[in-house]
Amino acid sequence: MLYYLAEIVAQTKTSTDQSDGFVYVIAAFMAIWLFIAGYLFWLHRRQESLRQEVEMLRQEESERLQPSVPTATNEQLGVGGQQWPSGRPQDIGG
Amino acid sequence: MATLAKNLNLGTREKTRRRPDWANLLLWAMLVSFPAALLCILIAPSDIELKYSQRIFYFHLPANIMCFAAFTTYFIGGIGYWRTRQRIWDILMVAGLELGVFFALIGIVTGSIWARYAWGTFWTWEPRLTTVTIMLVVYLAGWMLRNSIDDPNRKAALTAVFGIVGFINVPLVFFSTRFFPPGLHPVIFKVSAEGKETTTGLEGFMNVALIVSMIAIGELFAYLLIQRVRLEQLRDKVAVVRTTLYEDEYEEAV
């Protein structure tokens with residue numbers, strides 16, 4: 001696409017610009033910065049998803065560390081025993 | 001439990017250690033070197049034949065050199081992994097592979113745009129361009145293969161094989177303009193007639209612009225390498241914490 005963009009810009013510019021190749025320099029620099037920005041954005045997205053996972057794990061850990069107080073509803077219903085605080089128990093490697 | 005709680009402090013920086021943060025230092029260095037490179041490129045005299053388009057070269061050459069550096073990192077990581085089977089070498093391989101492909105793409109795209117002006121076509125199957133394409137395809141195939149395997153040990157072993165075998169492409173690309181029948185691509189580093197020194201074919205301030213650009217792109221390479229390695233290490237830590245957490249829950253439940 002950048003090639004076509006360079007061609008279009010080159011056609012619309014004056015003959016002097018075309019002959020000295022200035023538009024090609026601009027197109028190449030744009031390509032470089034697009035690549036760099038794209039890669040940095042990709043890295044940032046992956047880092048953010050990991051950070052979110054860390055937050056989720058922290059939350060789970062803090063829930064686990066809290067002393068479990070049986071609620072009236074549980075007693076009334078007769079539901080006892082250890083329950084999964086949250087998360088996905090099926091993820092445990094087996 | 002203490003270990004788990006400690007592991008969960010992944011996002012915070014340890015205050016006890018006073019080691020310099022190289023990524024931050026490089027970021028600040030880039031804030032100086034990239035504008036300096038741009039300024040030098042603007043000030044540098046134009047080539048008589050190639051005119052303004054010759055300025056593409058100041059980013060094209062450093063990008064290709066960094067591509068070679070990245071694939072060399074991948075190769076070193078491959079050898080290291082093959083000998084020790086340690087995860088750190090695998091991380092180095094992934095970072096090298098990804099950055100190599102990244103810089104190779106920059107080199108190919110900028111080179112093609114320059115070629116449109118200099119040769120009148122974006123692409124031609126001459127030795128340098130053909131060998132670069134083969135190199136890129138080989139490494140992309142390795143990357144795709146790596147992503148298609150689930151078993152971490154097998155994944156790392158196959159990546160190492162690709163890193164070691166695929167490295168044969170790097171010297172092939174470098175020497176393609178010298179040993180193969182001459183194509184359109186210019187030879188940049190030439191040995192002088194006396195055979196004593198290597199020249200770039202550039203004159204005066206052009207060399208300064210090239211060196212400054214090389215420093216800027218080199219810093220970018222180092223910065224991205226550090227960030228990529230850190231990302232993989234963070235991923236490992238998260239995986240360990242996740243496993244520990246669910247194992248504890250499972251044990252308590254049982």
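Modeller: Start with contacts in chain B between residues at least 6 apart in sequence: 76% of them join residues at least 24 apart. Two residues are in contact if their C-beta atoms, placed from the backbone, lie within 7 Å.

Biologist: What kind of model is this, and how are residues and chains labelled?

Modeller: This is a predicted model, where local features need pLDDT of at least 70, side-chain atom pairs count only at pLDDT 80 or more, and totals for chains, interfaces and linings use all residues. Residues are numbered from 1 along each chain as its sequence is written, while chains are lettered from A and ligands numbered from 1 in the order in which they are written.

Biologist: What is the mean pLDDT of chain B?

Modeller: The mean is 86, and 86% of the residues of chain B reach 70 or more. pLDDT is the predictor's confidence in each residue, from 0 to 100. The model scores ipTM 0.82 and pTM 0.79.

Biologist: How many helices and strands does chain B have?

Modeller: Chain B has 8 helices and 2 strands. Helices (H or I, at least four residues) and strands (E, at least two) are DSSP runs, numbered from the N terminus. Chain A has 4 helices and 0 strands.

Biologist: How does the span of α3(B) compare with the expected one?

Modeller: α3(B) has 28 residues and reaches 40 Å from its first C-alpha to its last, close to the expected 40 Å. The expected span is 1.5 Å times one less than the number of residues.

Biologist: Why is Arg85(B) called partly exposed?

Modeller: Arg85(B) has 13 C-beta neighbours inside 10 Å, so it counts as partly exposed. The cut-offs are 20 or more other C-beta atoms within 10 Å for buried, 12 or fewer for exposed, and partly exposed in between, with C-beta atoms placed from the backbone. Arg85(B) lies in the loop between α3(B) and α4(B). Its phi is positive, about 60°, although Arg85(B) is not a glycine.

Biologist: Why are α4(B) and α8(B) called oblique?

Modeller: Their axes come within 9 Å and cross at roughly 135°. Angles under 35 degrees count as roughly parallel, over 145 as roughly antiparallel, 65 to 115 as roughly perpendicular and the rest as oblique. α4(B) and α8(B) are therefore oblique to each other. The residues in contact include Ile91(B) of α4(B) and Leu225(B) of α8(B).

Technical notes:
Axes fitted to C-alpha atoms, helices over the stretch in contact; angles between N-to-C directions.
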